Amino acid sequence: MRLILASASPRRQELLASIGVIPDEIRPADIDETPAKGELPRPYARRMASEKADALEAGPNQVILAADTVVAVGRRILGKPSDRAEAGMFLDLLSGRRHRVITAIAVRTADGVNAREVETAVRMKRLSAEEKDQYLASDEWRGKAGGYGIQGMAAAFIPWISGSYSAVVGLPLAETVGSLSGAGYAIRFGGVAE
């Protein structure tokens with residue numbers, strides 16, 4: 001089967017490559033990612049991943065993998081900040097608190113879509129004004145849900161997580177492997193079919 005990744009995220013490509021999975025094609029899905037009025041973070045993440053998978057055609061020997069990552073503080077969804085000021089507001093909100101990172105994956109074949117979510121609890125230390133300013137100046141916050149990337153400099157701000165580290169980065173690998181295998185896509189670890 002051919003694997004099509006419905007995401008342009010370099011982090012998702014790197015995570016897949018770390019387990020030896022290289023998509024045959026990268027086809028980012030272009031959908032409206034605006035949350036519905038009153039939509040909660042977990043259903044929103046699942047809907048986004050499913051809509052991304054549905055936006056692409058799946059041929060008879062193709063499997064489409066789509067994902068969406070949401071940072072949530074209570075019922076509030078923190079998306080990708082539009083500018084430095086919004087990134088700063090997100091960091092102020094997350095500083096010294098626990099929050100949730102929900103990554104939903106959707107695997108689509110010609111037979112349909114299978115979607116699931118993985119939720120990870122994350123605690124960010126209380127940030128000093130200097131730490132916040134330095135992080136914002138780095139521009140690492142750009143394109144990252146919640147305005148930070150745990151795999152980069154912001155790792156120094158995260159003393160504790162409970163759940164899947166790879167899901168916080170953008171793709172829960174254990175669940176992704178299970179879903180792809182269930183769809184008939186053979187994962188090869190060390191060249192041996194799983």
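Where is the place of Lys132? Lys132 sits in helix α4, where helices (H or I, at least four residues) and strands (E, at least two) are DSSP runs numbered from the N terminus. This is a predicted model, in which local features need pLDDT of at least 70 and side-chain atom pairs count only at pLDDT 80 or more, while totals for chains, interfaces and linings use all residues. Residues are numbered from 1 along each chain as its sequence is written, and side-chain values use heavy atoms, with hydrogens and water left out.

Lys132 has 18% relative accessibility and therefore counts as buried. Here buried means under 20% relative accessible area, exposed over 50%, and partly exposed in between (1.4 Å probe, protein chains only). Helix α4 spans residues 129-138, and Tyr135 and Leu136 are buried there along with Lys132. These residues cover an arc of only 100° around the axis, which puts them on the same side of α4; the arc is that of the directions from the helix axis to the C-beta atoms. An α-helix has 3.6 residues a turn, so residues three or four places apart point the same way.

What do the buried residues of α4 pack against? Their partner is α3 (84-94). Asp92 lies 40 residues from Lys132 along the chain, and their C-alpha atoms are separated by 8.4 Å. Just after α4, Asp139 has a positive phi of about 65°.

The next element is strand β3. In β3 (residues 62-73), 12 of the 12 residues are buried, so the strand is largely enclosed by the rest of the structure. Both of its faces are covered: one side includes Ile64 and Val70, and the other includes Leu65 and Val71.

Several strands pair with β3; two strands pair if DSSP finds at least two bridges between them. Strand β1 (residues 2-5) runs parallel to β3 and is joined to it by four bridges, with Leu65 of β3 as the bridge partner of Leu5. Strand β5 (residues 98-109) runs antiparallel to β3, with nine bridges between them; Val70 has Ile102 in β5 as its bridge partner. Strand β4 (residues 76-78) is also antiparallel to β3 and is joined to it by three bridges. The partner of Val73 in β4 is Arg76. β3 and β4 form a hairpin with two residues between them, and Gly74 in the turn takes a positive phi of about 65°.

Methods. Contact means heavy atoms within 4.5 Å.
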